[in-house]
Each structure stands twice: as C-alpha cells, then as structure tokens.
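Here is a brisk report on one structure. Keep the model open while reading.

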Amino acid sequence: MEKSLTLDWGTDELHEECGVFGMYDLDGNDVASTIYYGLFALQHRGQESCGIAVSDTYGPKGVVNACKGMGLCNEVFTSEKLEKLKGNIGVGHVRYSTAGSSTIENTQPLVLNYVKGTLALAHNGNLVNAPELRRELAYDGAIFQTTIDSEVIAYHIARERCKVGTAEEAVANAMKKIKGAYSLVISSPRKLIGARDPQGFKPLCIGKRDNAYILTSETCALDTIGATFVRDVLPGEIVTINKDGIKSNLMMHDPKKEARCIFEYIYFARPDSVFDGVGVYHSRIYAGRCLAKDSPVDADIVVGVPESGNAAALGYSMESGIPYAMAFVKNSYVGRTFIKPGQSSRESAVRIKLNVLKEAVEGKRVVMIDDSIVRGTTSNLIVDMLREAGAKEVHMRISAPPFLYPCYFGTDIPSSEQLIAHKRTVDEICKVIGADSLAYLKMERLSEMANGLPICTACFSGEYPVDPPEEDIRGSYEK
Ligand SMILES: O=P(O)(O)OC[C@H]1O[C@H](OP(=O)(O)OP(=O)(O)O)[C@H](O)[C@@H]1O
Ligand SMILES: NC(=O)CC[C@H](N)C(=O)O
Ligand SMILES: [Mg+2]
C-alpha cells in the first residue's frame, strides 16, 4: 500500500500528567518510604522529575526535609536519602511539566516558609489564569523562585493565611482566585489538606492504612502500599486531615460545574485505578466493545498497542468474538515518552519500545487497537511493522475520537498543525498511516465510557468547561 507521508512531525513530547501523594501518620511513624512507593505507582503520570517533602508534627514547626531531583523515582531516591527524610507528615510529586520548563527549580513539592511556618504543596493540573495572577503578585512585590503555575497557588495560600485563622480557609480563599485544573495535596505543617477544582478535572482520592491517612491521584497507589480506599475528594471539595480525622469543606462544590478529564479514562491513568466510582479498566473495555459494535471488520485476531491500547483491544475481542492476541512485546525498561528528540529519534523510540511477534501475526488479518493517535508517529510505524511481519491486513481502531483541539487543563497536546487529525478526514489519516481501514470512537460514547459522569471532552469537541486562557500559559513568563 502506498503511503502519503506529508506530516509535519513534531519534536515535543506527548502527553502525560503529574501524580501527587500525601500521607499523615497519626501514630508518628516516618512516611517518606511509603510516599516513595506511592510515587512509584504513579510514575506513569510523570517522568521528568520527582520529590518528597516531610516534616514531623511532634517536632518544631517550620522544619521541612525535602529531596527533589530530575528523573524517575528510582533515579532520584536512594534508601540513604529516604532514611534521612524524617517526619510523619509529607507530600510527594512526580512531574510532567505543563507550565514552566522541566528544570530542577520547577520540581515539586514546592516548599514555602511563611508566616505560619512551612507549607509543602504538590499540584496536578494546569491553571488557565496563572500569568495574570502571577503578574498581579509580582507588581505587589512577590519574588518567584520557579516559573510554574503551582507557585502562584502556593503564594496565594500563603498570603491568605495571613488574613484568616486556618490553612484550609486560606486554601478556600485561594480557590476563589485560581481557575483551571488542580488537584492539590498540601502539608501545613500539622495538617494534610487536599483540594480538587470545581470541575474535578483531575482525580484525587483518600485512603487509610492503620492510623495513617493518604491523599493521592490514583487508587493504584493505595493498593501498592496496602491502604484501603476511603473515598474520592469531590470536585470543589477541600478535605483536612488532622489528629481528629477528616473534615470537609464543600464551599466550591457545585455538581453543575463538574467536567472530569475523559482522557484520564482513555489514556493517563493506570487501568487498575478507579475514579469517582468508575473503573478505568471498565471504561476502556467498554470503549473497545463500542468500537466492535460501531465499526466492525472481518479479521483473524485483535491486538492492542501496549500499554494503554490493551484493555480496549480486549473489549473489542469480547464483543466481536475475534480472538485476542499479543502482537507486540514491549520492552519493560522503556517509559511512556522516554526521549524528547526530533522525529527520526521518535521513530526509533517506537521500535525500541515495541517489537512485533512475527509468529502471531504472519498471514493474519489484524484489528489493531490503540487509545489515541496524536501525531501518528506510533501508528505509522507499527502498521509498517505488522506488514513487514507478514500481516495480510491491518485495520486500525482508536478508542477515542480524533484529537482536534488544544487542552489547557493539563494534557500537553501539540499545536494543531502537528495533530494528524488536523484538517484531515478519517480516510486521509488512514492513508497517512497506511492502514487498510481506520475508525475512531464516536463522540457520544465518551459519556457512556464514564458511566454518565459529567466529563470534559474539549480536546475532541472544542467545548471548554472553563474559558481558555487569553495568553500563552506554557512558559509565558520564561521569555
Ligand atoms: O500518535 P502518536 O504521537 O505516536 O501518539 C499516540 C501514542 O502515544 C501514546 O502511547 P505512549 O507511548 O505515550 O504510552 P503507553 O505505553 O502508555 O501507551 C498513545 O497510547 C498512543 O499509542
Ligand atoms: N502535569 C501537571 O499536573 C503539571 C503541574 C504543574 N502545572 C507543573 O507544571 O508542574
Ligand atoms: Mg500508546
């Protein structure tokens, strides 16, 4: 089959997220090593940098021990370093940058010394009004140490804390000013506070293990450390955990505003996580079933593109009765988007990551399921790889609609020109990637995937639940 290779291949990374993990052990045990394992379970959400900041609620106020660095958790932390992080309350973060570059200064958690002691903050999400707020603060004498939106949040909380009686009231006041996506975990300094934006863009849940409470992005992190799931933090809710247990403030909670990021279910999250009552695995299986119903094709095997295409492929197989097979072996030592160079390296990155199981596909008509096509790098290459391995036909099915619009809430989608679906019909995209047929998930299936929960579909529909920013939010103050 002749391919039309007219793509403007990009050089940016793909899309990931950040992960947050906070823990307060009311019995006074050290929490750093548990936070480390929690972050390890969240590594898929961010691979650029990570950090842990802990303090001791029995010790003097204002002392925070922190360790942060560039790279993966097992590159940044050693057992010696974790051993030195003494304290029974703390927060941790794995970062994929959305605002502000990927530098050591911009690593999280952010640690601030302020009027009431110290505050450590970990943020997942992206604010849409950070540049304005930052300017206002700067004209008021604020000095920033990072270029990330998260510092604007920390600054606002610190300022508000001078005016009100408690840290959670300060968080509530800051939430009236900040707009966009944020799931926050804050230790301040004898409480652990969690907050989720009114849309609930990003997940945040509460767990418990013995006499310790946990606030984290995904339930898979709770399973990893042997904690039980207590509940999700509601969109617009602030929860405070102190020695008396959990307290809730629902001031910003408004069910009409809810708009969870559907891409968490499609791609970001681990399939063994459950958000707001909907299992990620369940929603991916459902999407696969829908593809089989809506866009059937005669074939011998159904295969998933590891990692995140696998569950939808299983769903397609269940619905269609076509056997599920393993066509790719993924090198387990390769991360999601582990290199950031130009297109030629990206292509070899796919080959390093995925290899075809020739004996599984030779002579077969293959339905191949992936969760998304962004630039088309992956699909383009693996369609070729399947054909080289002897596949007779390759039918591509995508468990999401085409990516068409920028996301301002944390999904780092490249500019429109780099999106394969930009100004192309499905047939044209099919031709570019060289498949025999191509079909995407229908828009109306998205809400079904999330069991009817209110969702944000802006990257597919262009309908933004919060107004997009008026100026460049990525690195606008770094120029
Ligand atoms: O069209 P492209 O620009 O190539 O991007 C799309 C691919 O990128 C993602 O996988 P990724 O490698 O990030 O992670 P995964 O292993 O979790 O699927 C996604 O699941 C697609 O496979
Ligand atoms: N991916 C994220 O959630 C990023 C959090 C924050 N905006 C940062 O740039 O660090
Ligand atoms: Mg993938």
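## Ligand 2

This is a predicted model. Ligand 2 has 17 residues around it, and Cys18, Tyr96, Ser97, Thr98 and Asn124 come nearest. Strand 6, residues 117-124, supplies at least two residues of this shell, and so does helix 5, residues 149-163.

What is the make-up of the shell around ligand 2 by class? It has 10 polar residues, four nonpolar and three charged.

Ligand 1 is surrounded by 18 residues. The closest are Ser308, Val374, Arg375, Thr377 and Thr378. By class, the shell around ligand 1 has seven polar, six nonpolar and five charged residues. Helix 13, residues 377-388, gives the largest share of that shell, with three residues.

Helix 13 has 12 residues. At 1.5 Å a residue they should span 16 Å, and the end C-alpha atoms are 17 Å apart, which agrees. Gly390 follows helix 13 and has a positive phi, near 100°.

## Two domains

The chain is divided into domain 1, residues 19-258, and domain 2, residues 275-455. Their C-alpha centres lie 33 Å apart. The contact takes 13 residues from domain 1 and nine from domain 2. On the side of domain 1 that touches domain 2, six residues are polar, four nonpolar and three charged.

## Strand 10

Is strand 10, residues 212-216, largely enclosed or open? Five of its five residues are buried, so strand 10 is largely enclosed by the rest of the structure. Ala212, Ile214 and Thr216 point one way, while Tyr213 and Leu215 point the other way.

Strand 10 pairs with two strands described here. Strand 1, residues 19-25, runs antiparallel to strand 10 over five bridges. Strand 9, residues 205-209, is also antiparallel to strand 10 and is joined to it by five bridges. Leu215 is a bridge partner in both pairings: Gly22 pairs with Leu215, and Ile206 pairs with Leu215. Strand 9 and strand 10 form a hairpin with two residues between them. In the turn, Asp210 has a positive phi of about 50°.

## Strand 17

Strand 17, residues 301-304, has both faces covered. Ile301 and Val303 lie on one side, Val302 and Gly304 on the other, and all are buried.

Strand 17 pairs in the parallel sense with strand 21, residues 365-370, over four bridges. Two bridges join strand 17 to strand 18, residues 324-325, and these strands also run parallel. Val303 has a bridge partner in each: Met368 in strand 21 and Ala325 in strand 18.

## Helix 9

Helix 9, residues 280-294, has 15 residues. From its first C-alpha to its last it reaches 21 Å, close to the 21 Å expected at 1.5 Å a residue.

Helix 9 is largely enclosed by the rest of the structure, because 11 of its 15 residues are buried. Among the buried residues are Val280, Ile285, Tyr286, Cys290 and Leu291. Two arginines, Arg284 and Arg289, are also buried.

Most residues other than glycine have a negative phi, and most peptide bonds are trans. The following sites depart from that pattern.

Gln108 and Pro109 are joined by a cis peptide bond, with omega about 0°. Pro109 sits in the loop between strand 4 (89-95) and strand 5 (110-114). Another cis peptide bond joins Pro306 and Glu307, with omega about -5°. Glu307 is in the loop between strand 17 and helix 10 (310-320).

Lys423 is not a glycine, yet its phi is positive, about 55°. Its loop runs between strand 22 (393-398) and helix 14 (426-433). Lys423 counts as exposed because it has 10 C-beta neighbours inside 10 Å. Asn451 also has a positive phi, near 50°. Asn451 is found in the loop between helix 15 (444-449) and strand 24 (455-456). With 14 C-beta neighbours inside 10 Å, Asn451 counts as partly exposed.

Note on methods. Residues are numbered from 1 along each chain as its sequence is written. Chains are lettered from A and ligands numbered from 1 in the order in which they are written. This is a predicted model: local features need pLDDT of at least 70, side-chain atom pairs count only at pLDDT 80 or more; totals for chains, interfaces and linings use all residues. A residue is near a molecule or strand if its C-beta atom, placed from the backbone, lies within 6 Å of it. Ala, Val, Leu, Ile, Met, Phe, Trp, Tyr, Cys and Pro count as nonpolar, Asp, Glu, Lys and Arg as charged, and the others, Gly among them, as polar. A residue is buried if 20 or more other C-beta atoms lie within 10 Å of its own, exposed if 12 or fewer, and partly exposed in between; C-beta atoms are placed from the backbone. Two strands pair if DSSP finds at least two bridges between them. Domain bounds come from an automatic or database domain assignment. Two residues are in contact if their C-beta atoms, placed from the backbone, lie within 7 Å. The expected span of a helix is 1.5 Å times one less than its number of residues.
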